[in-house]
Amino acid sequence: MERPIQRTFFSIFLLAQLVAAAPTQATTQACTDITNALPGKVLSPGLLALEYYLEQIPIVNFATRSGGHDPNVGHATVEDGILTTMTDMVGLTYDAMKRVAYVKPGGEWNDVIGDLEPSSVTITGGRLGLVGVGGYLLQGGVSFLTAQEGLAADNIVGWKTVMANGSIVNLDATTNPYLAQAMRRSGSQFGIVTKYTVRVHEIGDVWGHFCIYEDSQCDALYAALHNFVGNGARDPKAAIIFSDLVAVEGLETRLLYYFYDGPTRPTAGLFADFFNIPGLICAPKTQKYSELLKSNGEPARFLNSRVSFRMYSEIRTKLAHITAPFLTLLRPTSQFSIDFQPLPSIIGKISESKGGNAMGLSSSYPDRIVLEIQGSWALASDDAVVYSLSKQLTDWLDEQVPKRLDEAGMSRDMYLPLFMNDAAGDQPVTKSYKDHEKFKALQRQVDPDGLFSTRAGGFKY
Ligand SMILES: Cc1cc2nc3c(=O)[nH]c(=O)nc-3n(C[C@H](O)[C@H](O)[C@H](O)COP(=O)(O)OP(=O)(O)OC[C@H]3O[C@@H](n4cnc5c(N)ncnc54)[C@H](O)[C@@H]3O)c2cc1C
Ligand SMILES: *[C@@H]1O[C@H](CO)[C@@H](O)[C@H](O)[C@H]1NC(C)=O
């Protein structure tokens, strides 16, 4: 453990000026205190870098931001408060002897994966290279390597963390397995992480990219998806993201991202079944992992800047129905999608063997699909409408799914827990965790004054 008074290297954006209303006195005072603590380093709202002592933050709200891809208002953003950003903390070092990478939270997966590639290793991380690193690793992270290695967070064995009391602690999975478990999937609630120690995975050329299908292939694709997911990842090197898109005027398309951890895909088996279905455009090929992630990310750069996520169970028709009045020619670039993300049972086994996570994935975990409901739109004036559309859909699911589980004689909460990386801010993510009470108690223990639980952005216990 290191001493409490340590200089940290976060960048802070003082956001007071970015909101229309004048900042509260507490915020102004906080900004002044930080300025005084670090003369000459303070940023005005013009967004420069600044270093500060975490302890100096007085009673104001704050948020921490790594990549800033969490679309929920108040998670990686703050209104009238302090935003700590990791913009200057980018990059990694690799220890070939210990087979771990020391990864900084700023930057994007493109940087991390590219830096590791010359050593023929990678870490379990994002599937679109442009996604942020820090928040992804704290929230859990589904990766193309997840059926082989578990969630991204399962592979972290150390977190250099600024705790609520200002101490900088090297949390270590070996010496503190209980806290380590909590750090996996609790988001921002245990501290601000400035470095992750992550186990590596050997990698060479991979095979993948996306195919786009006509609507007429829908049933064949669903059948292939069903078989692929329902078999516990028979071939853990294979991964897919199955995206059902609804665009303007209700136009539907299916976009599937494929991945195989090897230079060529298998020609037989459940994964190969997808390739008997003709695609309209099919781009998978053999390439470097970093090249694949980079090209997978490119289409997302052109998404409208406003994005919302919700996840849950089945639904495309309901989605098309609910969004129809919104997806008119007046909003030509808007679209919604439901992404079906396989989470085969094998992941629970791997997760448990690596020390477990707060979400509670264990060896008794069944084959599942994480549902991500995504929307993309252009105008801020449409924010409230889009949130209400996605909420209509998740409210409907919350009503329908337990009913259908009852009918099937299955446990009502089979469709939980919720998946933090893709959840909307008002969804009770940590409450859906099996051991919610246990981790909540631990959170209160390390944060007795409620710095993170009451004043910081993000999902709360
Ligand atoms: C295009 C796109 C593709 C995506 N693909 C995937 C995918 O393949 N798999 C997947 O699982 N998810 C995916 N996501 C979701 C993604 O994991 C989350 O949006 C995640 O929050 C992004 O990480 P970030 O660093 O940008 O987080 P941020 O938005 O910076 O932060 C997210 C949360 O974590 C907190 N936080 C961030 N950094 C720190 C830190 N250093 N210490 C303490 N708290 C911190 C923030 O306060 C906030 O509450 C995708 C998102 C997008 C937009
Ligand atoms: C700060 O909190 C951490 C985590 O609870 C604890 O290990 C450490 O001893 C505390 N440090 C001080 C100086 O109180």
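## Briefing: a ligand shell and the strands around it

Helix α3 supplies the largest share of the shell around ligand 1, with 5 residues. Welcome to this predicted model, a chain of 461 residues of which 56% are buried.

**Ligand 1 and its surroundings**

- The shell around ligand 1 holds 33 residues, and the closest are Thr64, Ser66, Arg127, Val142 and Asn421.
- Gln139 takes part through its side chain, with a polar atom 2.7 Å from an oxygen atom of ligand 1.
- On its own, ligand 1 would expose 950 Å², and the protein buries 95% of that area.

**The chain as a whole**

- The chain contains 13 helices and 18 strands.
- Its accessible surface is about 19200 Å², and carbon and sulfur atoms account for 54% of this.
- If you look at contacts between residues at least 6 apart in sequence, 72% of them connect residues at least 24 apart.

**Strand β11 and its partners**

- Why is β11 (residues 206-213) described as largely enclosed by the rest of the structure? Because 8 of its 8 residues are buried.
- With strand β13 (residues 252-260), β11 forms an antiparallel pairing over 7 bridges. Here Phe210 has Tyr257 of β13 as its bridge partner.
- Strand β15 (residues 285-287) pairs with β11 through 3 bridges, again in the antiparallel sense. Trp207 faces Thr286 of β15 as its opposite number.
- Strand β14 (residues 281-282) is joined to β11 by 2 bridges, and the two run antiparallel. The bridge partner of Ile212 in β14 is Ile281.

- β17 (335-343) is largely enclosed by the rest of the structure, because 9 of its 9 residues are buried.
- In a regular strand, side chains alternate between the two faces of the sheet.
- In β17 both faces are covered: Gln335, Ser337, Asp339, Gln341 and Leu343 are buried on one side, and Phe336, Ile338, Phe340 and Pro342 are buried on the other.
- An antiparallel pairing of 9 bridges links β17 to strand β18 (residues 368-377). Within it, Ile338 stands opposite Ile373 of β18.
- β12 also runs antiparallel to β17, with 6 bridges between them. Ala247 is the residue opposite Gln335 of β17.

- Pro344 belongs to the loop between β17 (335-343) and α10 (346-353).
- Is Pro344 buried or exposed? Its relative accessible area is 7%, and since buried means under 20%, Pro344 counts as buried.
- Beyond its neighbours within four places in sequence, Pro344 is in contact with Ala147, Gly232, Ala233, Pro366, Asp367 and Arg368.
- Pro344 and Gly230 are 114 residues apart along the chain, yet their C-alpha atoms are separated by 7.4 Å.

**Backbone details to inspect**

- Ala233, one of the contacts of Pro344, lies in the loop between α6 (218-229) and β12 (238-247). Phi of Ala233 is near 60°, a positive value in a residue other than glycine. Ala233 is buried, with a relative accessible area of 13%.
- Ser120 also has a phi near 60°, positive although the residue is not glycine. Ser120 is located in the loop between α2 (109-116) and β6 (121-122). At 40% relative accessibility, Ser120 is classed as partly exposed.
- Pro417 sits in the loop between α11 (383-407) and α12 (436-446).

Key:
Residues are numbered from 1 along each chain as its sequence is written. Chains are lettered from A and ligands numbered from 1 in the order in which they are written. This is a predicted model: local features need pLDDT of at least 70, side-chain atom pairs count only at pLDDT 80 or more; totals for chains, interfaces and linings use all residues. Side-chain values use heavy atoms; hydrogens and water are left out. A residue is near a molecule or strand if one of its heavy atoms lies within 4 Å of it. A polar contact is a pair of N or O atoms within 3.5 Å; within protein, one must be able to donate a hydrogen and the other to accept it, and residues adjacent in sequence count only if both atoms are side-chain atoms. Accessible areas come from the Shrake-Rupley method with a 1.4 Å probe; for residues, only the protein chains shown count as cover. Helices (H or I, at least four residues) and strands (E, at least two) are DSSP runs, numbered from the N terminus. Buried means under 20% relative accessible area, exposed over 50%, partly exposed in between (1.4 Å probe, protein chains only). Two strands pair if DSSP finds at least two bridges between them. Contact means heavy atoms within 4.5 Å.
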